[in-house]
Amino acid sequence: MSWKTKPSATMKVPVRAQPWCTPQMLQRWTETILPKYAVKHGALMPILHDVQHTYRHIPQQAMLEIASFLGIAPSEVLDTVSFYEEYTTEPVGQCVIGVCHTFACEVCGHKEILDRVRERLGIEPHETTEDGRFTLLTLECLGSCDTAPVALFNDTLHERLTVERVDALIDEAMKAPVKDSHG
Ligand code: FES
């Protein structure tokens, strides 16, 4: 196995004039998130969650802005973003569908559920539809084995799924207008 190093020291971050972390976001973080933590650094994950939720990804420039806001090194922000699956550096779909593919769901028909999503959306796991509406993921056990098969549609867990229910959930998600992921 060979190791590849990242050119972090010479990496160029694309910067646009308009900040990703808007004055309204900074004010919200100051008023509602920072007071919950003894040190500013503690607020990093909820702030990342807010940015991910707002833009469906965390742009590099936003990482610099967050580092500056919290008074920490940009590398600490990048380390956290790259460690947790919850955060992405490229936009995910407005509706992220995560189908559990661990044992209980596997034996209770997860393949039928997964195939239905693939068929309806024309994407494979870890792909996003061209219109930015859906991302499909396969996930490890979601802790609800007794109600398998299960899947997450964004933050909502759906249990004892059937193909008909998946169709209805996709139809529902298709009604929402797609929002721009670039602010
Ligand atoms: S195996 Fe799917 S929820 Fe546990």
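**Close-up views of helix α6 and its surroundings**

**View 1. Helix α6 spans residues 110-121.** Its 12 residues reach 17 Å from the first C-alpha to the last, close to the expected 16 Å; the expected span is 1.5 Å times one less than the number of residues. Helices (H or I, at least four residues) and strands (E, at least two) are DSSP runs, numbered from the N terminus. The model is predicted: local features need pLDDT of at least 70, side-chain atom pairs count only at pLDDT 80 or more, and totals for chains, interfaces and linings use all residues. Residues are numbered from 1 along each chain as its sequence is written.

**View 2. The buried residues of α6 are His110, Ile113, Leu114, Val117 and Leu121.** They fall within an arc of 95 degrees seen down the helix axis, so they line one face of α6; the arc is that of the directions from the axis to the C-beta atoms. A residue is buried if 20 or more other C-beta atoms, placed from the backbone, lie within 10 Å of its own, exposed if 12 or fewer, and partly exposed in between. The exposed residues Lys111 and Glu119 sit on the face turned away from the buried side.

**View 3. Several elements cover the buried residues of α6, including β1 (95-100), α5 (103-107) and β3 (134-139).** β4 (151-153) and α7 (163-175) are also among them. Just after α6, Gly122 takes a positive phi of about 70 degrees.

**View 4. Pro177 lies in the segment after α7.** Pro177 counts as exposed because it has 6 C-beta neighbours inside 10 Å. Its C-alpha atom is separated by 23 Å from that of Met25, 152 residues apart along the chain.

Key:
Contact = placed C-beta atoms within 7 Å.
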